[in-house]
Amino acid sequence: MAGFDGKVIALTGGVGGAKLARGLTEVLSPDQLLIVANTADDFEHLGLSISPDLDSVMYALADQNDTERGWGLAGESWQAMESLKALGGDDWFRLGDKDLATHLWRSQLLRDGHSLSDTTRLLCQALGLHHRLIPMSDDPVRTLVATERGELGFQHYFVREQCEPKVSGFRFAGIETASPAAELMDWLADDRLAAIVICPSNPFVSVDPILQLQGVRAAMQASPAPVVAVSPIVGGMAVKGPAAKMMEELSMPASADAVAQWYGDLLNGYVMDIVDRNLASSLSVPNKVIPTLMSSLASKRKLALDVLDFSRHLN
Ligand code: FO1
């Protein structure tokens with residue numbers, strides 16, 4: 001981007017965050033941007049190690065994501081899933097025929113002893129990506145969702161049970177012992193860091209796992225780089241996914257300002273969509289009200305530019 005000097009870290013979950021990550025790759029060079037994806041949605045399924053948020057971001061950066069579904073690859077076929085179902089196998093987690101190759105290859109690389117970071121780098125290279133996408137940690141962290149039916153793994157809650165059970169809380173198994181990605185900590189300590197962007201992902205299950213990794217929140221607060229979050233809630237609804245439903249079940253108002261309060265004093269700036277302009281005056285954090293719905297590459301690019309421009313005016 002002409003004129004934006006310095007480095008930027010983007011923290012992201014799946015779909016919503018992936019769109020802004022794509023916009024940031026339009027306006028920042030590869031050595032200016034580090035995209036850090038949540039891995040607490042990951043799980044083992046059918047003998048495969050599956051990293052949905054890494055894949056949503058990776059496919060979005062490669063412009064190969066299926067924009068209808070929000071996850072997986074465009075132009076998919078489902079032969080393997082149909083055959084699996086015919087055999088009586090678990091087909092509730094839909095793995096497209098092309099997407100399967102990613103899971104097969106990642107699982108083999110991990111079994112061969114590659115770290116999740118190495119595996120991600122190899123997959124990104126194979127997709128022709130130049131910008132850096134890393135997992136938040138190479139150690140396992142797993143979101144467990146407390147529901148009235150007991151604790152569920154994230155994908156069991158989100159996909160198999162279709163977010164239907166009432167949520168009473170979350171915990172991130174492994175978070176106490178997981179080490180944050182070394183590259184993330186290096187960039188947080190880098191005095192060329194000019195902004196930390198929290199992408200419009202679910203604050204509870206996509207962003208919090210990253211923030212709760214040992215030392216991450218403290219390093220963000222110690223950095224002079226402003227922390228700017230983009231609201232994942234627009235007009236009281238999540239643009240995609242269960243964030244609004246979760247907030248209600250956690251007896252939090254499903255509103256853009258409630259998300260800002262959730263992030264608390266971590267934020268130096270907050271970006272909300274124009275439909276939520278009426279909330280701006282009640283926010284204590286400096287905020288900007290702009291169009292945040294990203295339906296085209298141009299709008300992803302525009303939002304990225306607006307967020308970076310906003311960050312320039314924050315200390
Ligand atoms: N989400 C669904 O709602 N249904 C699915 O069958 C499904 C399959 C799937 C396969 C690979 C992958 O990378 C993601 C997939 N997702 C599916 C999305 C996944 O549940 C993610 O965790 C969400 O995108 C939230 O991050």
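Biologist: How many salt bridges does a search of the whole structure find?

Modeller: The search finds 19 salt bridges, and please keep in mind that this is a predicted model.

Biologist: What makes Glu-151 and Arg-171 a salt bridge?

Modeller: Their side chains come to 2.5 Å, N to O. The cut-off is a Lys or Arg side-chain nitrogen within 4 Å of a carboxyl oxygen of Asp or Glu, so the pair qualifies.

Biologist: Which parts of the chain does the pair tie together?

Modeller: Glu-151 sits in strand β7 (residues 150-153) and Arg-171 in strand β8 (residues 167-173), so parts that are 20 residues apart in sequence are tied together.

Biologist: Why is Glu-151 called partly exposed?

Modeller: Glu-151 has 42% relative accessibility. Buried needs under 20% and exposed needs over 50%, so a value of 42% falls in between and Glu-151 counts as partly exposed. Arg-171, with a relative accessible area of 42%, is partly exposed by that reasoning too.

Biologist: How do you know that Asp-265 and Arg-217 form a salt bridge?

Modeller: Their closest N and O atoms are 3.9 Å apart. The limit is 4 Å, so this pair is counted as a salt bridge. The bridge links distant parts of the chain: Asp-265 is in the loop between α11 (256-263) and β13 (269-272), Arg-217 is in helix α9 (residues 216-222), and they are 48 residues apart.

Biologist: Is Asp-265 buried or exposed, and what makes it so?

Modeller: Asp-265 has 64% relative accessibility. Exposed means over 50%, so Asp-265 counts as exposed.

Biologist: Where do Lys-302 and Asp-306 lie?

Modeller: Both are in helix α12, four residues apart, which is about one turn of the helix. Lys-302 forms a salt bridge with Asp-306, with the closest N and O atoms 2.7 Å apart.

Biologist: Is Asp-306 buried or exposed, and how do you know?

Modeller: Asp-306 has a relative accessible area of 13%. Buried means under 20%, so Asp-306 is buried. Lys-302 has 47% and is partly exposed.

Biologist: Which residues are linked in a network of salt bridges?

Modeller: The network links Arg-22, Glu-26, Asp-63 and Arg-301. Asp-63 lies in the loop between α2 and α3, and its phi is near 55°, a positive value in a residue other than glycine.

Biologist: Where else is phi near 55°?

Modeller: Gln-162 has a phi near 55°, again positive in a residue other than glycine. Gln-162 is in the loop between α6 (154-160) and β8. With 64% relative accessibility against a cut-off of over 50%, Gln-162 counts as exposed.

Biologist: Back to Arg-22: which residues of α1 and α2 meet?

Modeller: From α1, Val-15, Ala-18, Ala-21, Arg-22 and Thr-25 meet Ser-56, Val-57, Ala-60 and Leu-61 of α2. The residues of this contact divide into six nonpolar, two polar and one charged.

Biologist: What describes the packing of helix α1 and helix α2?

Modeller: Helix α1 (residues 15-27) and helix α2 (residues 52-61) pack at an angle of about 35°, with axes 9 Å apart. α1 passes α2 in a right-handed crossing.

Biologist: Why is Ser-311 called buried?

Modeller: Ser-311 has a relative accessible area of 3%. The cut-off for buried is under 20%, so Ser-311 is buried. Ser-311 is in helix α12 (residues 297-312). Leaving aside neighbours within four places in sequence, Ser-311 is in contact with Phe-4, Ala-195, Pro-226 and Val-228.

Biologist: Which residues touch the most other members of the largest nonpolar core?

Modeller: Ile-198, Met-220 and Tyr-270 do, in a core of 57 residues. Not counting residues up to four places away in sequence, Ile-198 touches residues including Leu-11, Val-207, Met-220, Val-228 and Tyr-263. Another core, of 39 residues, lies apart from it, and Ala-18 and Ala-195 are among its members.

Technical notes: Residues are numbered from 1 along each chain as its sequence is written. This is a predicted model: local features need pLDDT of at least 70, side-chain atom pairs count only at pLDDT 80 or more; totals for chains, interfaces and linings use all residues. Side-chain values use heavy atoms; hydrogens and water are left out. Axes are lines fitted to C-alpha atoms, for helices over the stretch in contact, and angles run from 0 to 180 degrees between N-to-C directions. Helices (H or I, at least four residues) and strands (E, at least two) are DSSP runs, numbered from the N terminus. A crossing is left-handed if the near helix is turned anticlockwise from the far one by less than a right angle, and right-handed if clockwise. Contact means heavy atoms within 4.5 Å. Ala, Val, Leu, Ile, Met, Phe, Trp, Tyr, Cys and Pro count as nonpolar, Asp, Glu, Lys and Arg as charged, and the others, Gly among them, as polar. Buried means under 20% relative accessible area, exposed over 50%, partly exposed in between (1.4 Å probe, protein chains only). A nonpolar core is a set of buried Ala, Val, Leu, Ile, Met, Phe, Trp, Tyr and Cys residues joined through side-chain atoms within 4.5 Å.
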